[in-house]
Amino acid sequence: MSTVKKSKTQEYIKTIVFMVAITFLFIAPLSFAYLKTKDMVKQNELMFLKKAVLYSANIKYPDGAKVSDIDPIYNKYVAEIRNPEGKILYYQIKDPDSGGSIKGYAYVTSGPGLWGEITGVVGVAPDKKTVTGVEFIKQGETPGLGARIEEVWFKEQFRGKTGPFNKTVAEKDPAGADQFQAITGATITSDGVKKLLNKTFTDLPKITQDGK
Amino acid sequence: MQIHKIKKIISDGLGKNNPVFYQILGICSTLAVTNVLKNTLVMCLGLIFTTALSSMTVSFMRKHIPTRVRMMVEVLIIAVYVIIVDLVLKAYAPDISRQLGPYVGLIITNCIVMGRAEGFALSNPPGESFLDGIFSGVGYSYVLLTIAFIRELMGSGKIWGIQVLGDWWTNWSIMVMAPGGFFMLAIFIWIVKGYIIKDKEVKKA
């Protein structure tokens, strides 16, 4: 009886030791791969955000631009306005041709979609009402339906519109200045987009006044 | 490796024992990713890579893994390969990675990978397990790509993101949603099992 028990304990210990050892063995190369790619992943994300800010401010950058191409353009046009803790509150878009006067703002806003949070960058003119552009940086909507908010036609329609938006119209229908075309089959996503865009028009005037 | 064994592995993966329409495995991803062809292809490549390498690794270790924890070990091995795919995509192909979102991580839970590790790799040598992984993956891929082709075409009038159907075509929104996946998969299984595999079974009897 006791020998059976002992061998069982031994078997347990052997199993546990095996599991721990094998975990270390496999996690080691994985950690190495993570450390190797960490900086690149971070850079990709930062670069993506910078591109989104430029896009929302309607500042053109070459297609397939590398980090080295984006940074000079970004630094020339964009000033990051941070709070005392160092968190970016909003972006000031400067006009370098007229001594750096402000020609707009970009603001990161987010809100619920159908499946999760949608985050977008909204660019506005100095009146804080006229939209210069919209770009979505994070969304997990249904591919082929809600995820189509990333399609060019959808994003481009916002340029020149006046917020806050109070109505969405059907896809391909003409939309007024405070309306935009929703995506067919993605009502909740389109509605979420409307709400998160509208946050810009209430939030931004408040924080830009603080920032002064 | 003998020729007849290789032949069997290939025909099993592609036809007789196909993971999707015969074993009905990997259905979750079949429904989730097949509404756009491009995502489907990347998913398939990721799955082939993971199944082949994880089966091979499990097979190498099969004599040392304690039976009690074999599934934990299998999941660990699968997860390692999947995370490597995810990291590589994030670092070197950020755009594709963004489009695929959570799908790459979901390969870990794809029953086919686990099924091949359990059902084949634990009792076969590494070379054969590797091949088995590849052909199970290919068997999965061609079914998914067929379904994705039809769903993308009917659901958004596009193939590979390029508009092919004109204005006269009204998109079937249901095709890009999950129910469309159910219908297509059911029709696919119906056709294959009703007209192709059935003949073989009758002959056998």
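Mentor: Let's start in chain A, where A:N58 sits in the loop between α1 (2-56) and α2 (67-77). Helices here are DSSP runs of H or I with at least four residues and strands are runs of E with at least two, all numbered from the N terminus. This is a predicted model, where local features need pLDDT of at least 70 and side-chain atom pairs count only at pLDDT 80 or more, while totals for chains, interfaces and linings use all residues. Residues are numbered from 1 along each chain as its sequence is written, chains are lettered from A and ligands numbered from 1 in the order in which they are written, and side-chain values use heavy atoms, with hydrogens and water left out.

Trainee: What about A:K128: buried or exposed?

Mentor: A:K128 comes out at 16%, so it is buried. A:K128 is in the loop between β4 (117-124) and β5 (131-138) of chain A, and its phi is positive too, about 60°, although it is not a glycine.

Trainee: How do you know that A:G111 is buried?

Mentor: Its relative accessible area is 7%, so A:G111 falls in the buried class. A:G111 belongs to strand β3 (residues 101-112) of chain A. Setting aside neighbours within four places in sequence, A:G111 is in contact (heavy atoms within 4.5 Å) with A:G116, A:E117, A:I118, A:L196 and A:K199. A:G111 and A:G192 are 81 residues apart in sequence, yet their C-alpha atoms are 6.5 Å apart.

Trainee: Over to chain B. What makes B:T34 buried?

Mentor: A relative accessible area of 0%, so B:T34 is called buried. B:T34 is in the loop between α2 (27-33) and α3 of chain B. Leaving out residues up to four places away in sequence, B:T34 touches B:S29, B:T40, B:L144, B:I147, B:A148 and B:R151.

Trainee: And what makes the meeting of the B:T34 and B:R151 side chains a polar contact?

Mentor: The term needs a pair of N or O atoms within 3.5 Å; within protein, one must be able to donate a hydrogen and the other to accept it, and residues adjacent in sequence count only if both atoms are side-chain atoms. The two side chains make that contact at 2.5 Å. The B:T34 side chain also reaches the backbone oxygen of B:T30, at 2.6 Å.

Trainee: Why is B:L31 called buried?

Mentor: B:L31 has a relative accessible area of 13%, so buried applies. B:L31 is part of helix α2 of chain B and touches B:R151, B:A178, B:G181 and B:F182, not counting residues up to four places away in sequence.

Trainee: Why are α3(B) and α4(B) called oblique?

Mentor: Two packed helices are described by the angle between their axes and the distance between the axes. Axes are lines fitted to C-alpha atoms, for helices over the stretch in contact, and angles run from 0 to 180 degrees between N-to-C directions. Under 35 degrees counts as roughly parallel, over 145 as roughly antiparallel, 65 to 115 as roughly perpendicular, and the rest as oblique. Helix α3 (residues 37-61) and helix α4 (residues 70-92) of chain B pack at about 140°, with axes 9 Å apart, and α3(B) and α4(B) are therefore oblique to each other. On the α3(B) side the contact includes B:F49 and B:L53, and on the α4(B) side B:I77 and B:Y81. By class, this contact has 12 nonpolar, 3 polar and 1 charged residues (nonpolar: Ala, Val, Leu, Ile, Met, Phe, Trp, Tyr, Cys and Pro; charged: Asp, Glu, Lys and Arg; polar: the others, Gly among them).

Trainee: How do you know how α3(B) and α7(B) are oriented to each other?

Mentor: They pack at an angle of about 25°, again with axes 9 Å apart, and are therefore roughly parallel to each other. In this pair, B:L47, B:T50, B:T51, B:S54, B:S55 and B:V58 of α3(B) meet B:V113, B:R116 and B:A117 of α7(B). Those residues divide into 4 nonpolar, 4 polar and 1 charged.

Trainee: What caps the N-terminal end of α7(B)?

Mentor: B:N110 does, with a side-chain oxygen 2.9 Å from the backbone nitrogen of B:I112. In α7 (residues 111-119) of chain B, B:I112, B:V113, B:M114, B:R116 and B:A117 are buried, and the buried residues of α7(B) pack against α3, α4 and α8 (126-156) of chain B.

Terms used:
Buried means under 20% relative accessible area, exposed over 50%, partly exposed in between (1.4 Å probe, protein chains only).
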